[in-house]
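Trainee: I am new to this structure. Please take one part and look at it closely, then lead me on from there.

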Amino acid sequence: MAGSALSVEEFLKECQKSGDAAYGAFRSLLERLEDPNTRTAARIFLSDLYKSVGDSDQCLEQYHFQIQDIYLDQYQGVGSQGRKKLTMMVIPSIFMPENWSFTFYEGLNRHPDSIFKDKTVAELGCGNGWISIALAEKCLPSKVYGLDINPRAVKVSWINLYLNALDEKGQVIYDAEKKTLLDRVEFYESDLLSYIRDHNIELERIVGCIPQILNPNPDAMSKMITENASEEFLHSLSNYCALQGFVEDQFGLGLIARAVEEGITVIKPMGIMIFNMGGRPGQAVCKRLFERRGFHVNKLWQTKIIQAADTDISALVEIEKNSPHRFEFFMGLTGDQPICARTAWAYGQAGGRIAHALSVYSCQLRQPNQVKKIFEFLKNGFHDVSSSLDLFFEDDSVADEKIPFLASFADQLKENSCFPYEPPAGSIYFRNLIASFLKTYHHIPLNSDNVVVFPSRAVAIENALHLFSPRLAIVDEHLTQHLPRKWLTSLAIKSAEGDDPSKDVITVIEAPRQSDLMVELIKKLKPQVVITGMAHYEAVTSSAFAHLLEVTREIGSRLFLDISDHFELSSLPSSNGVLKYLAGTSLPSHAAIVCGLVKNQVYADLEVAFVISEEETILKALSKTVEVLEGNTTPIRQHYYGCLFHELLAFQLANRHPVVKRESEKAKSDKLIGFSSSAISVLDYSELSISGAETLIHMDVDQSFLPTPSPVKAAIFEGFVRQNLAESEIDVTSGMKQFIKSNYGFPTDSSTEFVYADSTQALFNRLVLCCINEGGTLCFPAGSNGNYVSAAKFLKANIMSIPTDSGTGFKLTGSLLDGALQDVNKPWVYISGPTINPTGLLYSSKEMETILTTCSKFGARVVIDTSVSGLEYNIEGWGGWDLEPTLSKLNSSRGQPFCVSLLGGLSLKILSGALKFGFLALNHPLLVDTLHSFPGLSKPHSTVRYAIKKLLGLNERKSELRVAVAEQSKNLQSRCQRLKETLEKCGWDVLEPQGGISMVAKPSAYLNKAIKIRHSPKDDGKVNLDDSVIREAMVKSTGLCINSGLWTGIPGYCRFTFALEESDFKRALDCITKFKDVIDN
């Protein structure tokens, strides 16, 4: 229509009708500009139109459009053909060029033209397109994408592109590279970078003059965004009225925050973003928006502009009223002292002119590939976490440590549904990294088998002392603070003839770190174990270490040397005398190296430790010791330090020289102390983890490998991205009180003591030590957690087994308990419940009332272990637990000795997967004091406590987490049924569980049948199947690891855990069938 059938006068008459009519006329004109056959005539028509109306504001009022020249001072770009101005058209329904965009362009000019030359650029919120066109004209980029959510703005931008790409006669204008603006610029309707993302375009530069939202209206965006919408709505769209779901919304910066995060996903690694920012929220807030997302920020330009008279800042006054934040305004353009929004509002009401700063920021990602990974993870269902994200660090070295870890951790959480099984000695990958670091940087020829991982240095030292149980140990005074108080106060330096070895108390003598004084003590006291560090001045050379080795070898002492203070995770590690020695000489069999990793710069209280030895017997024993006493080291600790090791190794070429295996020097074995008799009994005869091929399937571990739900992953990741966590954010006690009250009805008050650790097993072992300290007897029902029974034996506790029978599903009853405790002095009764490990059956509240009443009659200490509870499924008629009425009655009527302690973990109940968190609730003051005399627990890290607190909150209300728990309970019920059917088909008698992750079954069809288990080529290998061989037979013939009756305490009944990854569960069922075939044949 326009430009063909209409003259200039007729065109103006059409435009005069309304804004919509004017837009319709120009849209028809654009169609002619887009057609090469009518383009020249249409461009000439535009020239005639401009000559007719000029650039007065009256044109905008009368005809609903305006054409004006924008003069660009010092317009001397690489491709400039001498033009000093652009001719641009605007209509009322789009954002018009004014101080905001002019200031922004001035900021862009602060960069040299070369940063845009040949680059792919996007402008966000392009309005009428003048900045995109100006950049293309001046800087010769490869392509500029002008993007705007307002469809009318995009149409007007195309008109302006033709207006400037063609001269007044309709001829194409070429630049110095013989290209036109039509080659370099395109405009598209786009919600921020959605067009770029949808078309898989990678950008090198992103620029944006994006408005702030002073009074967000969440309903504004619910209207249909079409070019036929009202002019008022389309203009408000240019100011983006909607909340964006970012923490910066409270400052009106939510839209810019979203633009930045979308930009991270599409910008190339060395790309630059440049944004205009109104200074009303304060310069620090504006800058932090970029910094906390991992950007280096540079302020290119700043000026002041007068606040528009019709802008209502009352919303900002309200924010100041309800928060400590103060916005930043000025009294006119010449004011240099900032005033708050409330003062500015009052000043404006009185007729004053309010100004605010306007700044242009240029920002570049400090570690682009890693930051991109983090945001890629966040956008896949974890957007809420972005409000907690903080990637700003004053110290670049801290950023270099934390950002790669977060990227790697994000990959781990994104790609894996759960953390995989790892052997108790530590993650094979992590141990390989430690060995590779020592090999690469210190030339020590070790491999992963020479390394055992512990939760902390204190745990490693205490476990070593438990393993050897020496009569006398000399320990460096800097390393004794976490050892049991009893060891440090004992005076039993020499054992008397006839003493019961099981009653031996380890005596620890503290010694100064200085090596000559330490050596003097060793020579005089002749300890069986020596644990020491080295003074800094002695650690530089190897002579002090060599002297210690010589003296301890001569005396017959085991030596554990701590190098934690001298071990550097650096690409330029300082000289270390101990490691120098090991590079040239193998470590003698009587010596081991202990190293605690604590010197990271990001998470000060996150620790992991490792022990190095070249003696295979010691390494195996230490590995089994950490399994018995700790369970294992949390995977997140290993993953964090693994990232640090990886960063130091990743850039290096593979080792071109094969490692030469060397033999450790043997010490005189007759002089050296061996493992304690209790340790030997457990390590040799208990059913501990089976090491071997990665293809083994583990139905013998109390761990869930079911998928970790999104809320759990989000909570874990958020704990690590946060900085400066307040104590109130990591205090889980109030949540724990509510948790045990709502799930078990366990009463707590102000005197209740909560103790937390990385694992439930470590807490149980502290209770075992308390029992030993009191001279008590630990009573296990037949059908208890075999790992706990092994740990109690290892620690030399006095143990009694309470018989149970199949008629009650091997559950403890009041009558059985009454008969068992008649002659027991100071009984400690262990009960697994509500869900029983290993049977998966449930105790009812009534059954617990009977059991607890019987315990109180004998003044027993009761330990209720809830660690496998929380995922119950066959619960018809069960009714849950409410212990409070029973305990209130018993505590008021019985004497002092009776008390109930609640032990548990949260990994099953809240599906926390990789989060290892054990708790112990104590209500007896004497027991609390005794427990605190054993201080060496590995405590949950602050990031873990943050995640646990958040998950406890989600668990108490209807949430996605509650839904996930219900789904996994159904999944376990289905698994239980499938496993039961398979076992019964293969001749097993199954005791069907009601909850948890395990069941027990008896191989009735196989007992006493012959099977071959060859230990050597000459070995006939024929054995009859019973509890002593069925586990070995199963694993050797099928690769499936289960627990036998030796573990369950129920003769003939094996345990199967079934919370496996789905493919492993299917393989496990196949293995059970295969085992039947092996037996039949």
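Mentor: The model is predicted, and in it three strands form an open sheet in the order β26-β27-β31, with antiparallel pairing. Its edge strands are β26 (989-991) and β31 (1054-1057), and each of them pairs on one side only. From one strand to the next, the twist averages 35°.

Now look at one pairing inside that sheet. Strand β27 covers residues 998-1002 and pairs with β31 in the antiparallel sense, over four bridges. Pick out Ala 1001: its bridge partner in β31 is Cys 1054. In general, strands of a sheet pair through backbone hydrogen bonds, either parallel or antiparallel.

Seven strands make up an open sheet, and its order is β11-β17-β16-β15-β14-β12-β13. The pairing here is mixed. Which strands stand at the edges? They are β11 (451-454) and β13 (507-511). Each has a single partner strand, so one side of each is left without a neighbour in the sheet. On average, neighbouring strands of this sheet are turned by 20° against each other, direction ignored.

β16 spans residues 591-597 and β17 spans residues 608-612. They run antiparallel, and five bridges join them.

Helix α17 (residues 428-442) lies across β11, β16 and β17. It runs at about 120° to β11. Follow the chain into the loop between α17 and β11, and you find His 443 there. This residue has a positive phi of about 60°, although it is not a glycine. Most residues other than glycine have a negative phi, and most peptide bonds are trans.

Gly 833 and Pro 834 are joined by a cis peptide bond, with omega about -5°. Asn 837 and Pro 838 are also joined by a cis peptide bond, and there omega is about 25°. Where is Pro 834 found? It sits in the loop between β22 (827-832) and α33 (845-857). Pro 838 has its place in the loop between β22 and α33 as well.

Turn to the helices. Two packed helices are described by the angle between their axes and the distance between the axes. Take helix α24 (residues 616-629) and helix α30 (residues 760-774): they pack at an angle of about 80°, with their axes 7 Å apart. The two are therefore roughly perpendicular to each other. From α24, the contact uses Glu 627, Val 628 and Leu 629. From α30, it uses Gln 761, Ala 762 and Asn 765. By class, this contact has three nonpolar, two polar and one charged residues.

Stay with α30, which has another packing to show. Helix α35 (residues 925-932) packs with α30 at an angle of about 110°, and their axes are 9 Å apart. That makes α30 roughly perpendicular to α35. On the α30 side, the contact is made by Arg 766, Leu 767, Cys 770, Asn 773 and Glu 774. On the α35 side, Leu 927, Thr 930 and Leu 931 take part. Sorted by class, the contact of α30 with α35 has four nonpolar, two polar and two charged residues.

The axes of helix α1 (residues 8-17) and helix α3 (residues 39-53) come within 10 Å and cross at roughly 70°. That makes α1 roughly perpendicular to α3. Val 8, Phe 11 and Leu 12 of α1 meet Phe 45, Asp 48, Leu 49, Ser 52 and Val 53 of α3. Here the classes come to six nonpolar, one polar and one charged residues.

Finish with the rings. How many aromatic pairs does the structure hold? There are 47. Ring pairs link one cluster made of Phe 377, Phe 382, Phe 405, Phe 409, Tyr 603, Tyr 640, Tyr 641, Phe 717 and Phe 720. Charged side chains also sit over rings. Lys 304 lies over the face of Phe 330, at 4.9 Å from the ring centre. Arg 975 lies over the face of Phe 1065, at 4.6 Å from the ring centre.

Key: Residues are numbered from 1 along each chain as its sequence is written. Side-chain values use heavy atoms; hydrogens and water are left out. Two strands pair if DSSP finds at least two bridges between them. Axes are lines fitted to C-alpha atoms, for helices over the stretch in contact, and angles run from 0 to 180 degrees between N-to-C directions. Contact means heavy atoms within 4.5 Å. Rings of Phe, Tyr and Trp (its six-membered ring) pair if their centres lie within 6.5 Å; planes under 30 degrees apart count as stacked, over 60 as edge-to-face and the rest as tilted. A charge sits over a ring if NZ of Lys or CZ of Arg is within 6 Å of the ring centre and within 35 degrees of the ring normal. Angles under 35 degrees count as roughly parallel, over 145 as roughly antiparallel, 65 to 115 as roughly perpendicular and the rest as oblique. Ala, Val, Leu, Ile, Met, Phe, Trp, Tyr, Cys and Pro count as nonpolar, Asp, Glu, Lys and Arg as charged, and the others, Gly among them, as polar.
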